[in-house]
Amino acid sequence: MSDERYAVEFHNVSRRFTLRHERHASFQDWFIGLLRTRGVAEEFWALRQVSFGVRPGEALGVLGRNGAGKSTLLKLVTRILEPTSGEIRLHGRVHAMLELGAGFHPELSGRDNVYLNGSIYGFSRRRMRERLDEIVAFAELERFIDTPVKHYSSGMFMRLGFAIAIHMEPDILVMDEILAVGDAVFQEKCYDALLNLKRQGKTILFVSHDASKVRGFCDRALLLQAGQLIDLGPTGEVVDHYERLMHGEEREASLLRVRPVDAEGAPREYLFPGDDLTVEVLLRPGAAPPGELLLALDLFDSQGGHLFGSTGVLPGCGDPDGVNGSRAARLRLRELPLAEGVLAIVATLQRAEDGGAPRTLDRREAEVQVLPRHRPSRRGLLELAHEWEWERTGVGEDTGGALGPGALPTSVPLRREE
């Protein structure tokens, strides 16, 4: 069933294309190719098993190298493409800003193209007339609005396209590399307009190769690589991951991220005594052979006291994808008996050395807050299930041999705390 807590939902979405490789040496080869299939067909998965959700009013950044699947993802959101498998659910009116001015007719004036774009998105001429002055003023095209757009400069063309898009009352706005519009002053105006849409509760999917723009504008981000979702979470963490990829810092084994997560894999900022704790570590094994890499996870209290530690042997990666592919490791701790305080999580990636101590390759830290479940009547580092009992011994008292009606039994629990 659809979950209306999300404006956009992807559930195991994949998109496949068929590539045909054939060459025609002559017109005769081309003509024969019309009558029968020639060449070799190859399947290409632009996206594979992608799942995520975007909440109303949230700005989600979409990052990845060229060819990672970003544009395909946006075209699936706008229904330009349909998924090969999986399900996409949208709640609200979608407006795409994939290529500004893509629907303009060159022979028509700017004014006529405003009305034309409005009709495409289901707006009446009267409703577009009400917005016309605002659109023209935002685009700064008062002198040229009745000029055919074929005479517009590229900057004028894009300014009008942007102005129309933000006045279409979208519930979900899809943007692909469109903030390089006009000069610096106009770009700032565009950015302020998008911030205003966020404040109005609009949902925005924002694709850009400019990591600083994603970092400054988006609430969360996702990272695609070769059609697969390899990271999803707080913007700063995902942008850091993306920049490490782009700068080639992950040719060797390295840690990309460590964080506590809930049962659904979402970042977790706090827990209660007795809760389970799952620590997720995203790492790049490089070309390390299986069994050579070790991952150590240690827990410390706020004073630096070592509470727990465990080391696991990673499967490593001997295949070519290991150099660029990331892997996720998770450690699950059951019914953590910690009292209130800050829990520090330290992940250490190590390489096993013959006849010696493991060599540290990388180290990352995270924190999670432990909140009190009950009133603060306990002390110490641990919160353990316990109970108090009060027992009447009869020493120095005349009990008459047996307790009377309504008297306390021999052993009385005063309080039991789970």
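Which handedness does the crossing of α3 and α4 have? The crossing is right-handed, a label given when the near helix is turned clockwise from the far one by less than a right angle. This is a predicted model, in which local features need pLDDT of at least 70 and side-chain atom pairs count only at pLDDT 80 or more, while totals for chains, interfaces and linings use all residues. Residues are numbered from 1 along each chain as its sequence is written, and side-chain values use heavy atoms, without hydrogens and water.

Select α3 (residues 110-120) and α4 (residues 125-139), whose axes come within 10 Å and cross at roughly 130°. Here Arg111, Val114, Tyr115 and Gly118 of α3 meet Arg125, Met128, Arg129, Leu132 and Ile135 of α4, where contact means heavy atoms within 4.5 Å. By class, this contact has five nonpolar, one polar and three charged residues.

Next, select Leu63, Phe138, Leu160 and Ile204, the residues with the most contacts inside the largest nonpolar core, which has 45 residues; such a core is a set of buried residues (under 20% relative accessible area) joined through side-chain atoms within 4.5 Å. Helix α5 (residues 154-166) gives the most to this core, with seven residues. Leaving aside neighbours within four places in sequence, Phe138 is in contact with residues including Phe162, Ile166 and Phe186.

Finish in two loops. Glutamate 140, in the loop between α4 and α5, has a positive phi of about 60° although it is not a glycine. Alanine 226, in the loop between β8 (220-225) and β9 (228-234), also has a positive phi, near 55°, and is exposed (over 50%), with a relative accessible area of 61%.

Methods
Axes are lines fitted to C-alpha atoms, for helices over the stretch in contact, and angles run from 0 to 180 degrees between N-to-C directions. Helices (H or I, at least four residues) and strands (E, at least two) are DSSP runs, numbered from the N terminus. Ala, Val, Leu, Ile, Met, Phe, Trp, Tyr, Cys and Pro count as nonpolar, Asp, Glu, Lys and Arg as charged, and the others, Gly among them, as polar. Buried means under 20% relative accessible area, exposed over 50%, partly exposed in between (1.4 Å probe, protein chains only).
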